[in-house]
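Dear colleague,

Please find the structure below, followed by a summary of what was found in it.

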Amino acid sequence: MRLTVLVLEDEPAVREALERDLADLADVIRLEAAEDVPDARTVIAELDRDGDLLALVLADHRLPGTSGVDFLVELLADPATAVTRKVLVTGQADQQDTIRAVNEAGLDHYVAKPWQVDELRTVVRDQLTDYVVARGLDPLPHLRVLDTARVLPLLRKLGDR
Amino acid sequence: MVATATRTTLPPRPGTTALQRGGLLVGLVVFVTALLVEVPGLDAPGQRMLAIFLLAIVLWVTEAIPLVATAVGVILLEVLLISDQALVALPGEPLPAADYFAALANPVIVLFLGGFLIADGASKFGLDRNLAAILLRPFAGNARRTVFGLMAITAALSMFVSNTATTATMFAVILPILAVLPPGRARTGLVLAVPIAANVGGIGTPVGSPPNAIALGALQSQGQGVSFLGWMLLAVPLMVVVLGFAWWLLTRRYIPADTPMVLELAADFDRSPAAVIFYVVAGSTVLLWLTEPLHGIASTTVGFLPVVALLATQVMTGDDLKVLQWPVLWLVAGGIALGIGIGATGLDAWLIGLVAWERLPLLLLILVLALVGLGLSTVISNSATANLLVPLAMTLATGLPIDTTAIGVLIALACSLAMALPISTPPNAIAFATGDVDTREMAITGLAIGAVGVLLLVFVLPEVWASLGLLS
């Protein structure tokens, strides 16, 4: 039951850069990349099959076919992915798109391109922590990619055994 | 729509492992076999209890169902099979069902309830963290001294707060050090220091860790109650020596004295009226626990005082009660009920008759029991190990030239000395999850500490108890 971060980005160079910047996390979480929305849906189906959880989507907005924001709206509507953390990583979303993402997709964070590596990692750490807290998951298997200070109070509840 | 969304935010239910499915199957087979097959020398009540005991062993070892489910299952089966309300009535006068249900409100459970409420309050008002900040100050300046202070404070806290909660609190305290300490052996040593000290500290008082409660409950049901201070006198010497050894091992193995380890913690005590009331109530409770010989009020009664006082003053509320560690309390209750059943059905007498125990060297028997406790609780829950071993060991000890109290306490302490694997205790699991310590290092230190602990426990501690006149 691994946590999964899905990178949705059509430009290969940008996609690879995002994956590279998050490579440190890959031994704890599952890192997946998709080039468009149909591809992303395939990934989600694979996660379901493997019993892994879609914890966070880092989506570009401007994509061939369905847009990133539309995909995020779709995720919120589906009970299985409503709780998935949703982040736009984009430079091209105009104000209308952004407003729609906040109001209709429950956008959790906005990262403007070009991103800073440290900033990106902090956002991912915070969002994964939010996901674990919101779903009431056991934080221990994922502790290394979470914000330890925020998770420690949860660990008190484990109790002695 | 809303309902669906709520449902999916629940944590996903973990799948069952092959071990768990096997455990369930083996448990059922063993249970039914023990009920149906004639056991020589064992009459109907004892045979039914044997079936329950064997089922509990399989379920607690394999965790086929959650530990707490097995615990309440033991109580239910005792009511259905060996009480006065048994489905198939027993001859003679079996214990009333109420006696088995009463395990859930055993005096030891009430004592723990008080301990839990004080521990949760300490966290709610930040008392644990602030105390740690103040007490750590004198140890600043040298890495090894800092680790010494850290371990001493962790152990002291863990005597009154659960080992797991103590570990969480103390990790919060060392996060600033970890943030600047480069990866390497010093990190490993520091990350190991906290869970080890928390595990060891748990043996210090009756409320420090569930195995202590299980032993205490079993002793009380035999009319061999141990006072709060009495337990401390028996256990603290071992705690101090093992802690000292652990510090020596960790610092020599991992932490050079010149490791940069600066800890500047600001203590910021909550001075709200609620917090002040809490400090007074918690302080008075601990003081009353420690002075039982002076006033004679039983530790259980003292433990119930903060429950009443904190609820009456609304310093703690119903919400605080809801989040108490009820599964831990009920797990202990299951062990107590198991001990009561073994005693009430004559299963104890049958177990004694199995082997000519008196022909075995006493020391060997104790050593084997302690090693079984250590080994089993390394891979399964400490409380479940104590639930199974304490009644068994106390049964076997009858008729041997050893004090029942000594054997009960000894087994409980052995169960708490297991810390060689990440699965051994939740504090170990937390340390392992940080990624700063691997299984190998945890096993080396854990085995060394466990071995030293058990050797002291078996060969030295009974002598110390006798020479101090602590046991009759």
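Rings of Phe, Tyr and Trp (its six-membered ring) are taken to pair if their centres lie within 6.5 Å; planes under 30 degrees apart count as stacked, over 60 as edge-to-face and the rest as tilted. Over all chains, the structure holds 8 aromatic pairs. In one of them, B:F139 and B:F148 are tilted, at 6.1 Å centre to centre and 50° between the planes. B:F139, B:F148 and B:W247 form one aromatic cluster.

This is a predicted model, in which local features need pLDDT of at least 70 and side-chain atom pairs count only at pLDDT 80 or more, while totals for chains, interfaces and linings use all residues. Residues are numbered from 1 along each chain as its sequence is written, chains are lettered from A and ligands numbered from 1 in the order in which they are written, and side-chain values use heavy atoms, with hydrogens and water left out.

Turning to the interface, 23 residues from chain A and 38 residues from chain B take part in the contact (heavy atoms within 4.5 Å). The area buried between chain A and chain B is about 2,400 Å², with carbon and sulfur atoms giving 62% (accessible area, 1.4 Å probe, that two parts lose on being put together, summed over both). Of the area that chain A buries against chain B, A:R156, A:D160 and A:R161 supply 40%, more than any other three residues.

Between chain A and chain B there are 2 salt bridges (a side-chain nitrogen of Lys or Arg within 4 Å of a carboxyl oxygen of Asp or Glu). B:E63 forms a salt bridge with A:R161, with the closest N and O atoms 2.3 Å apart.

Yours sincerely
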